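Let's take a walk through a protein model, one stop at a time. Keep the sequence and the 3D view side by side as you read.

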Amino acid sequence: MEKTDQVRWYTNMRDVFEAANIAPQDYDWYVSDIETNWRPPGFEPDDQWFTGDELAAFLHAHEIQFIWAVFSAVPKGFRPIPALAPYVEDNPRYWDGTEPEPQLEGALFEIACWDSSGTILINLPAQVIDSFVTRYPNTKPLATARS
């Protein structure tokens with residue numbers, strides 16, 4: 001999703017999760033390549049693991065825009081050690097013409113915040129995509145955005 005006036009600002013993950021009907025509590029999350037519009041007290045933008053409850057509480061407590069970030073959802077209790085932390089800025093996998101897969105081994109899906117001007121959804125279930133597109137009809141497939 002990019003170039004739309006349907007959002008107050010892109011990459012507000014609270015809004016993204018709500019639109020996609022994703023309960024962050026249902027997963028554990030590896031968040032990497034983090035740059036935000038401000039740092040809440042006690043928050044460091046280092047690559048890090050969150051339980052779903054921790055991420056939900058963090059997003060509920062702080063209205064924050066992720067300028068750059070990759071949110072990798074994994075099954076609760078599963079925390080693989082990343083060989084290479086998922087990243088979005090300058091990542092050719094998003095733009096090489098193939099359908100990208102989650103970068104973190106074992107991740108079910110990923111949500112990438114791209115330069116505060118776009119949200120990239122990778123490998124999400126069809127019902128999640130349908131919910132997101134219903135909320136934001138200007139959403140388009142990544143292949144379309146590449147052209």
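This is a predicted model: local features need pLDDT of at least 70, side-chain atom pairs count only at pLDDT 80 or more; totals for chains, interfaces and linings use all residues.

What is the chain built from? The secondary structure comes to four helices and five strands. If you read along the sequence, they follow the pattern α-β-β-α-β-β-β-α-α. How does the chain meet itself? Take the contacts between residues at least 6 apart in sequence: 68% of them join residues at least 24 apart.

You'll find Asn12 in the segment before α1. Is Asn12 buried or exposed? With a relative accessibility of 2%, Asn12 counts as buried. Leaving out residues up to four places away in sequence, Asn12 touches Glu63 and Ile64. The C-alpha atoms of Asn12 and Glu63 are 7.3 Å apart in space, even though 51 residues separate the two in sequence.

Now step into the helices. Helix α1 covers residues 13–20 and helix α2 covers residues 52–61; their axes come within 9 Å and cross at roughly 120°. Which residues make the contact? From α1 there are Met13, Arg14 and Phe17, and from α2 there are Leu55, Leu59 and His60. Sorted by class, that contact has four nonpolar, one polar and one charged residues.

Next come the salt bridges. How many does the structure hold? There are three. One of them brings us back to Glu18, which pairs with Arg135, with the closest N and O atoms 3.2 Å apart. This pair links distant parts of the chain: Glu18 is in helix α1, Arg135 is in helix α3 (residues 126–135), and the two are 117 residues apart.

Another salt bridge joins Asp28 and Arg79, where the closest N and O atoms are 3.5 Å apart. Asp28 lies in strand β1 and Arg79 in the loop between β3 (66–75) and β4 (109–114), so this pair ties together parts that are 51 residues apart in sequence. What about their surroundings? Asp28 has a relative accessible area of 6%, so Asp28 is buried, whereas Arg79 comes out as partly exposed at 38%. There is also a salt bridge between Arg39 and Glu44, with the closest N and O atoms 3.5 Å apart. Glu44 is partly exposed, with a relative accessible area of 44%.

Let's stay with strand β1 for a moment. Ser32 is found there, and the strand runs over residues 27–36. Ser32 has a relative accessible area of 0%, so Ser32 is buried. Which residues does Ser32 touch? Not counting residues up to four places away in sequence, Ser32 touches Asp47, Ala69, Val70, Ala85 and Pro86.

Asp33 also lies in strand β1. At 23% relative accessible area, Asp33 is partly exposed. Look at the backbone here too: phi of Asp33 is near 55°, a positive value in a residue other than glycine. Asp90 has a positive phi as well, near 60°, and Asp90 is not a glycine either. Asp90 sits in the loop between β3 and β4. With a relative accessibility of 69%, Asp90 counts as exposed.

For the last stop, think about the gaps between atoms. Rolling a probe the size of a water molecule over the atoms shows where empty space is left. The second largest pocket has a volume of about 150 Å³. Its lining is made of 13 residues, and Ala83, Leu84, Gln103, Leu104 and Glu105 lie nearest the centre. What classes of residue line this second largest pocket? There are nine nonpolar, two polar and two charged residues.

How values were computed: Residues are numbered from 1 along each chain as its sequence is written. Side-chain values use heavy atoms; hydrogens and water are left out. Buried means under 20% relative accessible area, exposed over 50%, partly exposed in between (1.4 Å probe, protein chains only). Contact means heavy atoms within 4.5 Å. On a 1 Å grid over the protein atoms alone, a cavity is a set of points where a 1.4 Å probe fits but cannot get out, and a pocket is an open set with protein on both sides within 12 Å along at least five of seven lines; lining residues have an atom within 4 Å of a point. Grid points are joined across faces, edges and corners, and a volume is the space filled by probe spheres set on the points. Ala, Val, Leu, Ile, Met, Phe, Trp, Tyr, Cys and Pro count as nonpolar, Asp, Glu, Lys and Arg as charged, and the others, Gly among them, as polar. Axes are lines fitted to C-alpha atoms, for helices over the stretch in contact, and angles run from 0 to 180 degrees between N-to-C directions. A salt bridge is a side-chain nitrogen of Lys or Arg within 4 Å of a carboxyl oxygen of Asp or Glu.
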